[in-house]
Amino acid sequence: MLPDHQLLENLYDQAISSIAITNSDIHDIRFEYVNPAFLKLTGYKEEEIIGKSPKMLQGELTKRDEIDRLKEACLKGENFKGENINYKKDGSTYWVEWVVSPIKDKNEKIVNFLSIQKDITKEKKLEEKLIQNTKLNTLYSISAGLTHELNTALTKLKGSSELLQLDIDTIDDEQKVKKLNKEIARLNKSMEDIVNITNSLHYLTNTSVKLEHQINIFDLLVESLNIYKEKIQRYTTCTINGHNAFDQINDVHFTEYYANIQKESIRHVFIIIIDNALDELMKTNDKNNNLFNIEITQNSYSMTIDFIDNAGGIIHSNITKIFDPFFKQKELGGLGIGLHVAKNIMKDNKGNIEAFSKPPYTTMRVTLPL
């Protein structure tokens with residue numbers, strides 16, 4: 001029969017679960033042993049792990065409160081069970097379920113900590129998908145009545161805003177007019193947000209898409225940009241293929257951009273992208289350096305429209321999430337469904353939408369079939 005320590009070592013080495021043993025110094029935790037399953041999960045080699053701190057597996061998405069809870073349990077010499085996000089050697093993330101236990105000698109002194117870990121990434125993704133579907137089903141059930149009520153309220157608000165603007169124009173006090181116009185602008189921005197939400201709800205629940213033919217994409221872009229003309233001119237410079245978007249360009253080059261699309265749905269995609277870009281550019285408040293460029297290219301099969309802004313870029317961990325329903329980067333406004341709706345619209349139109357980021361630039365790429 002094998003000695004106890006040899007039996008345990010064989011057990012750990014052959015275990016399916018990831019196993020790690022650290023020293024007992026909470027303030028300077030270091031790996032003393034990891035099994036092959038741990039190395040396979042993390043992508044590291046043994047010599048890259050042993051003697052290193054578990055912090056090497058942590059990153060920006062790692063939940064600090066869970067780390068603090070783990071430390072507290074270790075300090076008390078208690079068992080711990082929790083979940084967190086770890087990082088592999090290649091930078092990719094995975095969800096891990098920990099069970100951490102103190103190892104004590106015959107005098108009840110903690111000499112090591114044993115961590116048994118399980119990769120629960122698939123379970124977490126399934127759980128997230130179920131939550132998203134529940135939220136979407138709730139929206140489906142209420143959207144028809146909700147959009148009607150919101151549009152009715154919006155009509156009244158717009159009327160009141162226009163009347164209020166007429167009254168403001170009669171005031172002689174320049175400072176007061178400036179202050180009131182600022183408040184009117186905020187009111188109009190809020191109404192604009194509500195319009196985008198109601199449109200998104202409409203497209204989210206409207207699965208029937210009727211394709212039209214030979215829609216002029218350049219005209220549709222200019223039409224979409226004109227909705228935000230005042231804001232664009234206040235915060236940035238906007239170009240289409242190097243030309244100012246609001247100049248009267250009678251260039252035959254632009255008349256060649258046609259695609260087989262459903263006009264209103266693609267227009268909504270453009271509006272979602274433009275609105276998101278402007279919200280980010282407004283945060284920089286640097287009109288002289290802000291850029292919002294649109295580049296159109298095409299081949300025999302498809303057309304690509306790149307919307308490029310220099311508002312700072314999107315952090316790497318969010319790039320793959322921005323098209324998920326209810327994912328929000330904005331502090332205020334919106335339901336977090338705009339880009340998810342845009343993704344669905346593009347799919348229905350047999351096209352695609354992708355995001356790329358190389359700070360300070362963000363590119364939203366729309367691909368349309370010809």
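Q: Why is Asn84 called buried?
A: Asn84 has a relative accessible area of 0%. Buried means under 20%, exposed means over 50%, and partly exposed lies in between, with a 1.4 Å probe and protein chains only. Asn84 is under the cut-off, so Asn84 is buried.

Q: What kind of model is this, and how are residues numbered?
A: This is a predicted model, where local features need pLDDT of at least 70, side-chain atom pairs count only at pLDDT 80 or more, and totals for chains, interfaces and linings use all residues. Residues are numbered from 1 along each chain as its sequence is written, and side-chain values use heavy atoms, with hydrogens and water left out.

Q: Where does Asn84 lie, and what does Asn84 touch?
A: Asn84 lies in strand S3, residues 80–87. Helices (H or I, at least four residues) and strands (E, at least two) are DSSP runs, numbered from the N terminus. Not counting residues up to four places away in sequence, Asn84 touches Thr62, Lys63, Glu66, Ile67, Tyr94, Trp95, Val96 and Trp98. Contact means heavy atoms within 4.5 Å.

Q: What makes the pair of Lys63 and Asn84 a polar contact?
A: The backbone nitrogen of Lys63 lies 2.7 Å from a polar atom of the Asn84 side chain. A polar contact is a pair of N or O atoms within 3.5 Å; within protein, one must be able to donate a hydrogen and the other to accept it, and residues adjacent in sequence count only if both atoms are side-chain atoms. The 2.7 Å distance is within that limit.

Q: How do you know whether Ser302 is buried or exposed?
A: Ser302 has a relative accessible area of 18%. That is under 20%, so Ser302 is buried. Ser302 is found in strand S11. Leaving aside neighbours within four places in sequence, its contacts are Thr297, Thr367, Leu368, Pro369 and Leu370.

Q: What puts Ala20 in the buried class?
A: Its relative accessible area is 1%, and Ala20 lies in strand S1, residues 18–22. Beyond four places in sequence, Ala20 is in contact with Phe31, Tyr33, Val34, Phe38, Phe113, Leu114 and Ser115.

Q: What makes a set of residues a nonpolar core, and how many residues has the largest one?
A: A nonpolar core is a set of buried Ala, Val, Leu, Ile, Met, Phe, Trp, Tyr and Cys residues joined through side-chain atoms within 4.5 Å. The largest has 48 residues; Ile217, Leu225, Phe270, Ile305, Phe307 and Val366 have the most contacts inside it. Helix H10 gives the most to this core, with 10 residues. Apart from it lies another core, of 21 residues, including Leu41 and Tyr94.

Q: Why are H7 and H10 called oblique?
A: Their axes come within 9 Å and cross at roughly 50°. Axes are lines fitted to C-alpha atoms, for helices over the stretch in contact, and angles run from 0 to 180 degrees between N-to-C directions. Under 35 degrees counts as roughly parallel, over 145 as roughly antiparallel, 65 to 115 as roughly perpendicular, and the rest as oblique. H7 and H10 are therefore oblique to each other.

Q: Which residues meet between H7 and H10?
A: Ile217, Leu220, Leu221, Glu223, Ser224 and Leu225 in H7 meet Lys263, Ile266, Arg267, Phe270, Ile271 and Ile274 in H10.
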